[in-house]
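Please look over the sequence and the fold shown below.

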Amino acid sequence: TVYEQVVHPLVEQGGRVAFILVDALRFEMAQGFALDLKREKYNVSLGARLAELPTDTVIGMNALAPVERNGRLRLVMSKGSFAGFATGEFTVSDPASRVRAMSQRSVSGIAEDIKLEELNDLSPIQLKRRLSGRPALVVVRSQELDTAGEHRFHLGTFERTLALLKSAISLLSQAGIDRFVVASDHGFLLQDPTT
């Protein structure tokens, strides 16, 4: 319900909103990130929610889109495997269908969909041009933390991703985005391979 309870009302209030989907952002990492943003003079509110189970990306990231109906999620199965969530006339199963569901719920037209790395390669002028005339919702997607966790990369790679997120918020602010919602589908366990 995070989309319905947080993102959609912000879009309805007017102004521009960036919904930043960070795959595998652990809560304590979000706490540190929130403190960094507060130091930069952003007004920050941090809240926890329970994740849909199992906390696989295919479940959690799709559940961040507006797929809930009357307090329920309708699973779509294909060949015995989870294929997404039913919403109206299509299945939310990948980044494009998530953006489609968000767009149909909140804006006329299709929300801007951009990967975190791609966003950080743009200058403020390029980003402003890209967003010009686009709907009030921008969806930013990041899989860097999930990829790093799955491949047991050094924890230092997490700091780079958090720096990219902070830079993205700064760039989006310069391009006229008023509000930001950062959400994650799940965290991950940091395990010591010797135990």
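## The largest pocket

Five elements each supply at least two residues to the lining of the largest pocket: H1, helix H2 (27-39), helix H3 (57-63), helix H8 (156-174) and E7. Helices (H or I, at least four residues) and strands (E, at least two) are DSSP runs, numbered from the N terminus. The lining counts 39 residues; Leu46, Gly47, Val182, Ala183 and Ser184 lie nearest the centre. The volume of this pocket is about 1200 Å³.

Pockets and cavities are found on a 1 Å grid over the protein atoms alone. A pocket is an open set of points with protein on both sides within 12 Å along at least five of seven lines, while a cavity is a set where a 1.4 Å probe fits but cannot get out. Lining residues have an atom within 4 Å of a point. Grid points are joined across faces, edges and corners, and a volume is the space filled by probe spheres set on the points.

## Basis of the model

This is a predicted model: local features need pLDDT of at least 70, side-chain atom pairs count only at pLDDT 80 or more, and totals for chains, interfaces and linings use all residues. Residues are numbered from 1 along each chain as its sequence is written, and side-chain values use heavy atoms, with hydrogens and water left out.

## The open sheet

Four strands form an open sheet in the order E5-E6-E1-E7, with parallel pairing. Strand E5 (112-115) and E7 stand at the edges; each has a single partner strand, so one side of each is left without a neighbour in the sheet. On average, neighbouring strands of this sheet are turned by 20° against each other, direction ignored. Strands count as paired if DSSP finds at least two bridges between them.

E1 and E7 run parallel and are joined by five bridges. Leu21 has Ala183 in E7 as its bridge partner. H4 packs on the sheet and touches E1, E5 and E6; its direction makes about 155° with that of E6. Axes are lines fitted to C-alpha atoms, for helices over the stretch in contact, and angles run from 0 to 180 degrees between N-to-C directions.

## Helix H1

H1 (residues 2-12) buries Val2, Tyr3, Val7, His8, Leu10 and Val11. They cover an arc of only 155° around the axis, which puts them on the same side of H1. The arc is that of the directions from the helix axis to the C-beta atoms. Gln5 and Glu12 are exposed, on the face turned away from the buried side. Buried means under 20% relative accessible area, exposed over 50%, partly exposed in between (1.4 Å probe, protein chains only).

The buried residues of H1 pack against strand E1 (17-22), helix H4 (95-106), strand E6 (137-142) and strand E7 (179-183). Contact means heavy atoms within 4.5 Å. H1 lies across E1, E6 and E7, at about 150° to E1. Gly14 follows H1 and has a positive phi, near 100°.

## The hairpin

Strand E2 (residues 75-78) pairs with strand E3 (residues 81-87) in the antiparallel sense, over four bridges. Ser78 stands opposite Ser81 in E3. Two residues lie between the strands, and Lys79 takes a positive phi near 55°.

His186 is found in the segment after E7. It is buried, with a relative accessible area of 11%. Residues up to four places away in sequence aside, His186 touches Asp23, Ala24, Leu25, Thr55, Asp56, Thr57 and Asp146.

The structure holds one cavity of 30 Å³ or more. The largest cavity has about 40 Å³ of space. H1 gives the largest share of its lining, three residues.
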